[in-house]
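My notes follow in the order I worked.

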Amino acid sequence: MKLLARPVAWGICWLTAAALLAPAIDAAEGKVKLEQKGDKVQVSIDGKPFTTYHTSAQYAKPFFHPVRSEGGTVVTRELENPKDHPHHKGVWLSIDEVNGIKFWAEQGTIRNAKVELIEPQGDPARLRVTNHWLGTNGKPILEEVSDIAIYPNRLMSYDIRFTPVAGEVVFEDTKEGLFGIRVAN
């Protein structure tokens, strides 16, 4: 798929982690709260930790980790010392090859440029993230703006817009891409 000079809206992509994380989609009541602390956004539901959105430059891409069930059990795999696929971190957005760069495998960098807490508390709480997908020269080739809504039942929805920054952008046809969720063994 080629993206040229105009943005592409990918519509709303539903990340149905709620099926894994909550016993019933309409069973949850309460409020979601977002708190930005440095290069992290902590997400709590009814005062209990749910997940954290990591944007630190120490990682090759932003991601949510750990992700907890309604009962508090961490359902995502540990970050440290994975036996395989070290690029699988919690819940993340990535595409395998963009302009020949393997972002999925973290051979390319997706750098967070901005986090805005649109609705820091509510049902849902909403944040907007702006991420730059960097070319081999370290400059952005693609800008991703994702509006992420997080509901009390642990459903996360993404409205994603990709805009080419420097000329043509090509998403290669591969088997990896868009959303990943790495659960614990």
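I began with the largest cavity and found about 70 Å³ of space in it. The model is a predicted one. I then asked how many cavities of 30 Å³ or more the structure holds. There are two.

I listed the residues around the largest cavity: Tyr53, Pro62, Phe63, Val91, Trp92, Leu93, Ile110, Val129, Asn131, Glu144 and Tyr158. Sorted by class, this lining has nine nonpolar residues, one polar and one charged. Which strand gives the largest share of the lining? I found that β7 does, with three residues. Both β7 (91-95) and β12 (125-134) supply at least two residues each.

I went on to the largest nonpolar core, which has 33 residues. The residues with the most contacts inside this core are Leu34, Phe64, Val98, Leu127, Trp133, Leu142 and Ile150. I noted the strands that each supply at least two core residues: β3 (32-37), β4 (40-45), β5 (48-54), β7, β10 (110-119), β12, β13 and β14.

Entry 5, hairpin. I turned to β13 (residues 140-150) and β14 (residues 156-164), which pair in the antiparallel sense over nine bridges. They form a hairpin with five residues between them. In the turn, arginine 154 has a positive phi of about 80°. Which residue of β14 is the bridge partner of isoleucine 150? I found methionine 156 there. Isoleucine 150 is also on my list of core residues with the most contacts.

I traced an open sheet of seven strands in the order β11-β3-β4-β5-β6-β7-β16, with antiparallel pairing. Its edge strands are β11 (121-122) and β16 (177-181), and each pairs on one side only. As a reminder to myself, strands of a sheet pair through backbone hydrogen bonds, either parallel or antiparallel. Within this sheet I checked β3 and β4, which pair in the antiparallel sense over six bridges. Opposite lysine 33 I found serine 44, in β4.

Key. Residues are numbered from 1 along each chain as its sequence is written. This is a predicted model: local features need pLDDT of at least 70, side-chain atom pairs count only at pLDDT 80 or more; totals for chains, interfaces and linings use all residues. Side-chain values use heavy atoms; hydrogens and water are left out. On a 1 Å grid over the protein atoms alone, a cavity is a set of points where a 1.4 Å probe fits but cannot get out, and a pocket is an open set with protein on both sides within 12 Å along at least five of seven lines; lining residues have an atom within 4 Å of a point. Grid points are joined across faces, edges and corners, and a volume is the space filled by probe spheres set on the points. Helices (H or I, at least four residues) and strands (E, at least two) are DSSP runs, numbered from the N terminus. Ala, Val, Leu, Ile, Met, Phe, Trp, Tyr, Cys and Pro count as nonpolar, Asp, Glu, Lys and Arg as charged, and the others, Gly among them, as polar. Two strands pair if DSSP finds at least two bridges between them. A nonpolar core is a set of buried Ala, Val, Leu, Ile, Met, Phe, Trp, Tyr and Cys residues joined through side-chain atoms within 4.5 Å. Buried means under 20% relative accessible area, exposed over 50%, partly exposed in between (1.4 Å probe, protein chains only).
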